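Subject: Structure handover

Hello,

Please find the structure below, for your files. My notes on the domains, the ligand and the salt bridges follow.

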Amino acid sequence: MNRPGTPARPLCVAVIGAGPSGFYAVEALIKVPDLNVRVDLFDRLPSPYGLARGGVAPDHQKIKSVTAVYDRVAADPRVRFFGHVKLGIDIMVSELRERYDQIVYAVGCESDRKMGIPGEDLKGSYSATDFVGWYNGHPDYRDMSFDLSCEAAAVVGIGNVAIDVVRILAQDPDVLAKTDIAAHALEALRKSKVKRVYLLGRRGPVQAAFSPKEIEEVGAVERADLVVDEGELRLDVVSQQGLSDATARKNYEYLVNAAHKGPGTKELKIIPRFCVSPVELIGENGRLAAVALEHNELEPDGKGGVKARGNHEYETLKDVGLVFRSVGYRGVPIPGVPFNDRAGRIDNDNGRVAPSEYAVGWAKRGPSGLIGTNRACSVATVAAMMEDLKADRLAVRNVDPSPDATPILLSAKGVQTVSFAQWKAIDKLELENGRKAGKIREKFTHVQEMLEAAAK
Ligand code: NAP
């Protein structure tokens, strides 16, 4: 029998998920010297790029330009894109195992963590993931609606996602109108009555997870003041030691400068609060009206870090009609694939999930790191795949290596797949529609619309 990876028998790899980590895995595979490989890249949406399309904020177009690299990867003749194919519905893990020597799960973290406090399910309380998907025109969130008629909103968590949400809430809609923000979101944001946006960190400014560039962008929103109370910036001994970290110091210095500027006179206020945890979301007539906070003290966590502990002092933020929890993403288990429930990601050992099965990106590491972090992560997993291939550690399977095996299966099931060329046709129409509307891109926000555009 011919060994997989040879000219007579190319290695057949399925990569599930066409976000950054999936594309970097494909890129790493086609760059392996002397490897004969055929890669099928699947995505449940007709569009590729994952969070580079559905997560990166619309006013961060420069970050999105990374998709040009992914386009070059997709253009390689050894690579095929199968858009609009849902794992577990249109194709089963068992069917992949019959058709591919190796499988790479690049499925990211599609859900989010909960705060676990009373009132979390009230109308007006959402996950940041929902809001991000909605303003980015992701089809899953297309039909959500956010009532922005309240005076104040609070974002829980102080990572970069929280910062994106704060910025989009505060940004002048005329600025967003030129981007690729979804039309439905722009329309709602134009009617927004929100005047105060709280950013709630359970730990202090030195432990903030946002990056300096992100907080600087918040401070640069023209129609909003970043209002920092000096009292929020008082540091305990442990936090003072934390200032030896360059990123923490930069963040802290920026906030100190903002505090010196005072509250300002602009119509909108962005108010960071530190060492506070929501303990209850309070409703009125069935919808969110206020947030009860407990103040925290910081103490060593015994692992070299710092943790927050409630000190039984409470306060209530009034007139808060919207809360976005932005306390981290979480993976969704795939039937038949081991899952680490505590970590909220696929169970794996440095990318190895099971014989011949691997993980990359957030599915492997959990929800951390920037887009570029995924390149090294995928390169490392592909190195493990090559080690296993060379050492004959592939699972014993009767793989059908024919390039037709998957298209035949999907067509027999009546799945309308979208090829990369078809995606580029959708892309072209989105860009054209954007030009007509005076913006970078007008996204199709319904899967059906994309399929119709692909069929043209
Ligand atoms: P993140 O960076 O892990 O931040 C999560 C935040 O939630 C932290 O402030 C964390 O506080 C807080 N938190 C967790 N559990 C909490 C709880 N029960 N109560 C209150 N607060 C809680 O996650 P993320 O913001 O979702 O971002 C995910 C990744 O994407 C990050 O690596 C981020 O840098 C990246 N990203 C980058 C950009 C960009 O570059 N523009 C944009 C978006 C996302 P503790 O620190 O106390 O745990």
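This is a predicted model: local features need pLDDT of at least 70, side-chain atom pairs count only at pLDDT 80 or more; totals for chains, interfaces and linings use all residues.

A polar contact here is a pair of N or O atoms within 3.5 Å.

Ligand

Arg202 places a polar side-chain atom 2.7 Å from a ligand oxygen. Val161 uses a polar backbone atom, which is 3.1 Å from an oxygen of the ligand. There are 20 residues around the ligand, and those that come nearest are Ile158, Asn160, Arg202, Arg203 and Gly369.

In the contact, domain 1 takes part with 14 residues and domain 2 with 20.

The size of an interface is often given as the accessible area lost when the parts come together. For domain 1 and domain 2 the buried area is about 1200 Å², with 48% of it on carbon and sulfur atoms. On the domain 1 side, 42% of the area buried against domain 2 comes from Pro58, Asp59 and His60, more than from any other three residues.

As for polar interactions, nine residue pairs are in polar contact across the interface of domain 1 and domain 2, counting pairs with both residues at pLDDT 80 or more. Helix 2 (51–54) and helix 3 (61–64) are the elements that give two or more residues to the side of domain 1 that touches domain 2. By class, the residues on that side of domain 1 are five nonpolar, four polar and five charged.

Salt bridges

Three salt bridges are found across the interface of domain 1 and domain 2. Elsewhere in these notes, Lys64 and Asp180 form a salt bridge in which the closest N and O atoms are 3.1 Å apart.

The structure as a whole holds 44 salt bridges. One of them joins the side chains of Arg44 and Asp140, at 2.6 Å from N to O. Arg44 sits in the loop between strand 2 (37–42) and helix 2, and Asp140 in the loop between helix 6 (128–135) and strand 7 (152–156), so this pair ties together parts that are 96 residues apart in sequence.

Regards

Terms used: Residues are numbered from 1 along each chain as its sequence is written. Side-chain values use heavy atoms; hydrogens and water are left out. Contact means heavy atoms within 4.5 Å. Buried area is the accessible area (1.4 Å probe) that two parts lose on being put together, summed over both. A salt bridge is a side-chain nitrogen of Lys or Arg within 4 Å of a carboxyl oxygen of Asp or Glu. A polar contact is a pair of N or O atoms within 3.5 Å; within protein, one must be able to donate a hydrogen and the other to accept it, and residues adjacent in sequence count only if both atoms are side-chain atoms. Helices (H or I, at least four residues) and strands (E, at least two) are DSSP runs, numbered from the N terminus. Ala, Val, Leu, Ile, Met, Phe, Trp, Tyr, Cys and Pro count as nonpolar, Asp, Glu, Lys and Arg as charged, and the others, Gly among them, as polar. A residue is near a molecule or strand if one of its heavy atoms lies within 4 Å of it.
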